[in-house]
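Student: Before we discuss any charged pairs, could you put the structure up, so that we can go through its salt bridges together?

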Amino acid sequence: MVGDTDDDIAVRRRGTSGHRASGHTADVRIEAWGADRESCLLEAVRGLVECFADVGGARTTGMARVRLPDEGDEELLAALLDEVVYRLEVRGEVPVDVAARAAGDGLDVRFTMTGLDGVEITGAVPKAVAWHELRIRPDAYGWSCAVTVDV
């Protein structure tokens, strides 16, 4: 990604996945990367959850499966993160882990969930995914994405 530090480039060259976030007053900017599109998407979910909750050691209470239509890379990123926000707001659930695989014309996603009351809240809870400056694309190291989340 443009602006990568030498350490970030070294990690990306090794083919690992990762994410980072930077907070502002009313939003959080999440950047994620992975060797392929699916691993990049999963890192974006992990980055979103880390912005507001510590799920380390959380007891899982269930599984959730969702199939997202592949209507474009940006749409898929937004839909995946919107699903996390929806489950948080409406069902009071937080993903402890997430897995995904491309399936024909969509993405099959499996969330391992816990209740919001089962995690330590460490930051502002996300309210919405912003389309402004949302991006996901292949790059020299695999795939990378960036998204702003309103909190």
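Tutor: Please keep in mind that this is a predicted model.

Student: Which residue forms a salt bridge with Arg-67?

Tutor: Arg-67 lies in strand S4 (residues 62-69) and its partner in the loop between S5 and strand S6 (106-115), so the pair ties together parts that are 38 residues apart in sequence. The closest N and O atoms are 3.3 Å apart, and the residue is Asp-105.

Student: Is Arg-37 buried or exposed?

Tutor: The side chain of Arg-37 meets that of Asp-73 in a salt bridge (2.9 Å, N to O). Because Arg-37 lies in helix H2 (residues 37-50) and Asp-73 in helix H3 (residues 73-91), this pair ties together parts that are 36 residues apart in sequence. Asp-73 is partly exposed at a relative accessible area of 24%, whereas Arg-37, at 10% relative accessibility, is below the 20% limit and counts as buried.

Student: What distance separates the closest N and O atoms of Arg-46 and Asp-97?

Tutor: Both residues are partly exposed, Arg-46 with a relative accessible area of 30% and Asp-97 with one of 36%. Their contact counts as a salt bridge because the N to O separation is within 4 Å, and the value is 3.6 Å.

Student: How many salt bridges does a search of the whole structure find?

Tutor: Some of these salt bridges share partners, joining Arg-37, Glu-38, Asp-70 and Asp-73 into one network. For the whole structure, the number found is eleven.

Notes
Residues numbered from 1 in each chain as written. Predicted model: local features only at pLDDT ≥ 70, side-chain atom pairs only at ≥ 80, totals over all residues. Heavy atoms only, no water. Helix = DSSP H or I, 4+ residues; strand = E, 2+ residues; numbered from the N terminus. Buried < 20%, exposed > 50% of the residue type's maximum accessible area, 1.4 Å probe, protein only.
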